[in-house]
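Please examine the structure shown below.

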Amino acid sequence: MLPRLLAGRAPGRIIDGIVGALAAIGVTPMMVTLAGLIGSVVAAVLVGRGELAIGGVVLLIAAGLDMFDGALARSMGTASRFGALLDSTADRVS
């Protein structure tokens, strides 16, 4: 049931809308990638300090950013092999 639900265009339209807004205000794909990486580090510090709830929220937000960097690069026409490598490396570190 879930794959059929996700097969529709509604999630894609939401992501496209957010990507369009990010591009309109001048956010670059590298900014999104680095924000996700920094957010993951902040979440790790918070969890390490025992602040599990806020650390979990920060991690969810940071991980959610990963949906947008590739789509933003493609929409701006700036997709590159280096960007893909940076994104992949940041994902693994996160």
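**Reading helices, burial and pockets**

Glycine 55 has its place in helix α4. The model is a predicted one, in which local features need pLDDT of at least 70 and side-chain atom pairs count only at pLDDT 80 or more, while totals for chains, interfaces and linings use all residues. Residues are numbered from 1 along each chain as its sequence is written, and side-chain values use heavy atoms, with hydrogens and water left out.

Q: How many helices and strands are there in the protein chain?

A: Helices (H or I, at least four residues) and strands (E, at least two) are DSSP runs, numbered from the N terminus. The protein chain has 6 helices and 0 strands, and its elements therefore read α-α-α-α-α-α from the N terminus on.

Q: Does glycine 55 count as buried or exposed?

A: Buried means under 20% relative accessible area, exposed over 50%, and partly exposed in between (1.4 Å probe, protein chains only). Glycine 55 counts as buried because its relative accessibility is 0%. In the protein chain, which has 94 residues, buried residues make up 22%.

Q: Which residues is glycine 55 in contact with, leaving aside its neighbours within four places in sequence?

A: Contact means heavy atoms within 4.5 Å. With those neighbours left aside, glycine 55 is in contact with Ala43, Leu46 and Val47. The C-alpha atoms of glycine 55 and alanine 43 are separated by 4.5 Å, although these residues are 12 apart along the chain. Contacts can also be read for the protein chain: among those between residues at least 6 apart in sequence, 70% join residues at least 24 apart.

Q: Which side chain of opposite charge is nearest to aspartate 87?

A: Lys and Arg count as positive and Asp and Glu as negative, whereas His and the chain ends are not counted. A salt bridge is a side-chain nitrogen of Lys or Arg within 4 Å of a carboxyl oxygen of Asp or Glu. Aspartate 87, found in helix α6, is buried yet has no salt bridge, and the nearest side chain of opposite charge is that of arginine 74, 7.8 Å away. Not counting residues up to four places away in sequence, aspartate 87 touches Thr33, Asp66 and Asp69.

Q: What is the relative accessible area of threonine 33?

A: Threonine 33 belongs to helix α3 and is buried, with a relative accessible area of 8%. Beyond its neighbours within four places in sequence, threonine 33 is in contact with Asp69, Leu86, Asp87 and Ala90.

Q: Which residues are buried in α5?

A: The buried residues in α5 are Phe68, Asp69, Ala71, Leu72 and Ala73. Glycine 77 follows α5 and has a positive phi, near 75 degrees.

Q: What is the volume of the largest pocket?

A: On a 1 Å grid over the protein atoms alone, a pocket is an open set of points where a 1.4 Å probe fits, with protein on both sides within 12 Å along at least five of seven lines; lining residues have an atom within 4 Å of a point. Grid points are joined across faces, edges and corners, and a volume is the space filled by probe spheres set on the points. The largest pocket has a volume of about 270 Å³. It is lined by 16 residues, of which Pro29, Ala73, Thr78, Gly83 and Ala84 are the closest to its centre. The largest share of this lining, 5 residues, comes from α6.
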